[in-house]
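The paragraphs below walk through parts of a two-chain model. Please keep the sequence and the structure side by side while reading.

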Amino acid sequence: MLAILENNFDYSIYTYRTYVVSSGDDLSTQKAVEFEDTIAQQKDSKELTENYAIVTIPRARRVHQSYLTAPFSTLHCFWTCLLVLLGRHPNQRPLPTQYTSKHPDIIISNGPAVAVCMILAAKFIRFFIYCFRWASGRGSKPEISRLRTVYVESWARVRTLSVSGRILLPIADKFLVQWLPLAGRRAWWGMKESEYCGWVVL
Amino acid sequence: MVVKLCLVTVGATAPFEKLVQAVLHESFLAELEKHKFTRLLIQHGKGGQQVFDAYRAEYESGNIDHGIEIGGFDLRPNMIPYLRMVRDDPGDFQELGMVISHAGTGSILDALRAGVPLVVVPNPDLADNHQQELADQLAGLGYAIIGKLDDIPSTVGQAVKQGERAPFFRHGQKGREIPMGDELSWVD
């Protein structure tokens, strides 16, 4: 994931980052902190430091956890994702005042079950925002959409989609693949296609 | 003295004793010597510890004779410093070596980023066929060589040959930007 961000990621556009890490994955937390440190050094500007948060999320299913209890832990995971997207997770501090919305503009993920929960949670919130706008009679007025979701399929997937990928193909707003044989896949006829983006991890 | 290193890595997740065994076999070591390698460094993991210790015991008792310096370690969280030792350097203390890796994504990516000749050895004990798919695809593109456990020695010559056309596999281009700017200005 960090390799993707290292490549030409524009920090003047994506000014505030929230890193979502599975609980127990201390290595990823450490890597995210190191990564932000290098950005801060590059930019050499005080206002850009600490423009990030790292939140940890319980796993949807821990390794060797029973499939009987997995639905409950998945719900717990989903709930925590909702809190993060609403800016109410305990690991999050209040956003700097220049940000008008608590929701992230864009969610990018390449990952496992937690990523699936996060993208589903984003869609869930957007559905409510849409219903609210429709009910309050503002449905016809265009508005900038937040919580856009981007899924990058694993580089290890050459000809077949991963389980996360198969779930998210009809759901994510943008579905990117790193190998040509996977380009142009769609969940069913008439839906958007997966897009080939080259090797973004290298 | 010029160092020419062959780095073997089995990754962190699954044990891969057979690969450790294969690279400690005399036929492989002879092949390394033939291609002027000076060092063999093995990241053997917990599973390969026993094989490696047994080999070392035999070496110290003086039963084995070859000109290659062999080292081994269990696991390091960051393999990049070791991959740098495989690269050729302008100061001419290092010659371009080679990497023999299991088919794990992380190890393959690290080697590709370093731009060194890479041999990928899929683990037949793992029923993970998408790793095989990845290895086949990379071999088709010329980025890697597929090694079979029963024929590791022949990969040395192939890797040296791949190193000769270094500019081709060492593309050195920066990764691509993710095309997602259009999502930011989405209006609905």
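In strand 5 (residues 118-121) of chain B, L118(B) and V120(B) point one way while V119(B) and V121(B) point the other way, and all are buried. Buried means that 20 or more other C-beta atoms, placed from the backbone, lie within 10 Å of the residue's own; 12 or fewer makes a residue exposed, and anything in between partly exposed. In a regular strand the side chains alternate between the two faces of the sheet. Strands here are DSSP runs of E with at least two residues, and helices are runs of H or I with at least four, both numbered from the N terminus.

The model is predicted: local features need pLDDT of at least 70 and side-chain atom pairs count only at pLDDT 80 or more, whereas totals for chains, interfaces and linings use all residues. Residues are numbered from 1 along each chain as its sequence is written, and chains are lettered from A and ligands numbered from 1 in the order in which they are written.

Two strands pair if DSSP finds at least two bridges between them. Strand 1 (residues 3-9) and strand 4 (residues 94-102) of chain B are joined by 6 bridges, and C6(B) stands opposite M98(B). Strand 4 of chain B pairs with strand 5 of chain B over 4 bridges, where S101(B) has V120(B) as its bridge partner. Between strand 5 and strand 6 of chain B there are 2 bridges, and V120(B) stands opposite I146(B).

Turn now to chain A. Helix 3 (residues 70-85) of chain A has 16 residues. Its buried residues are C77(A), T80(A), C81(A), V84(A) and L85(A). Seen down the helix axis, the buried residues of helix 3 of chain A fall within an arc of 140° , so they line one face; the arc is that of the directions from the axis to the C-beta atoms. The face turned away from this buried side carries the exposed residues P71(A), F72(A) and L75(A). Just after helix 3 of chain A, G87(A) takes a positive phi of about 75°.

Finally, the contact between the chains takes 30 residues from chain A and 22 residues from chain B, two residues being in contact if their C-beta atoms, placed from the backbone, lie within 7 Å.

Key:
The expected span of a helix is 1.5 Å times one less than its number of residues.
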